[in-house]
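Please consult the sequence and the structure as the points are read.

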Amino acid sequence: MSLSPFFRLPLTDLTGCLLNHQTYDKCGQFEMDMMECLEAYGAERGKIKCKELIDDFGECFNMRKQMLRIEAMRVERLRQYRNGERKKEELYAESPRIDAY
């Protein structure tokens, strides 16, 4: 994981702040915590000291565990349907009415 550009130029200093997650409510605080920790320890030592914060931010951004959980629930529903434990109508939950929101 590289935190600094390979070549340090004035253009990289100007455009370095364009890619962040502060505008999103979901991952903004995770990113701030990660960056504060990395700023405190430095880029190389921070990779070790801030590993938990980096992993939390990565999970918030990528949603890997959430997608694996959704896939596991889908596979379980299909398994129950194939074994006769669940009917076709009960395969998924009933959707709300159109004007429910």
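The model is predicted: local features need pLDDT of at least 70, side-chain atom pairs count only at pLDDT 80 or more, and totals for chains, interfaces and linings use all residues. Residues are numbered from 1 along each chain as its sequence is written, and side-chain values use heavy atoms, with hydrogens and water left out.

**Disulfides**

- Taking a disulfide as a pair of cysteine sulfur atoms within 2.5 Å, the count comes to 2.
- When the bonded cysteines of the protein are numbered in sequence order, they pair 1-4, 2-3.
- Helices here are DSSP runs (H or I, at least four residues), numbered from the N terminus.
- The link of Cys27 and Cys60 is left-handed, with -100° about the S-S bond.
- A disulfide also joins Cys37 to Cys50, with the sulfur atoms 1.9 Å apart. Because Cys37 belongs to helix α2 and Cys50 to the loop between α3 and α4, the pair connects parts that are 13 residues apart in sequence.
- The link of Cys37 and Cys50 is likewise left-handed, with -85° about its S-S bond.

**Nonpolar core**

- A nonpolar core is a set of buried Ala, Val, Leu, Ile, Met, Phe, Trp, Tyr and Cys residues joined through side-chain atoms within 4.5 Å; buried means under 20% relative accessible area, exposed over 50% and partly exposed in between (1.4 Å probe, protein chains only).
- The largest such core has 8 residues, namely Cys27, Met34, Cys37, Leu38, Cys50, Ile54, Phe57 and Cys60. Helices α2 (28–41) and α4 (51–62) each supply at least two residues of this core.
- Relative accessibility is 6% for Cys27, 11% for Cys60 and 1% for Cys50.

**Surroundings of Cys50**

- Leaving aside neighbours within four places in sequence, Cys50 is in contact (heavy atoms within 4.5 Å) with Cys37, Leu38 and Tyr41.
- Cys50 and Met34 are separated by 16 residues in sequence and by 6.9 Å in space, C-alpha to C-alpha.

**An exposed site**

- Glu85 is found in the segment after α5 (64–82) and is exposed, at a relative accessible area of 52%.
- Not counting residues up to four places away in sequence, Glu85 touches Arg79 and Gln80.
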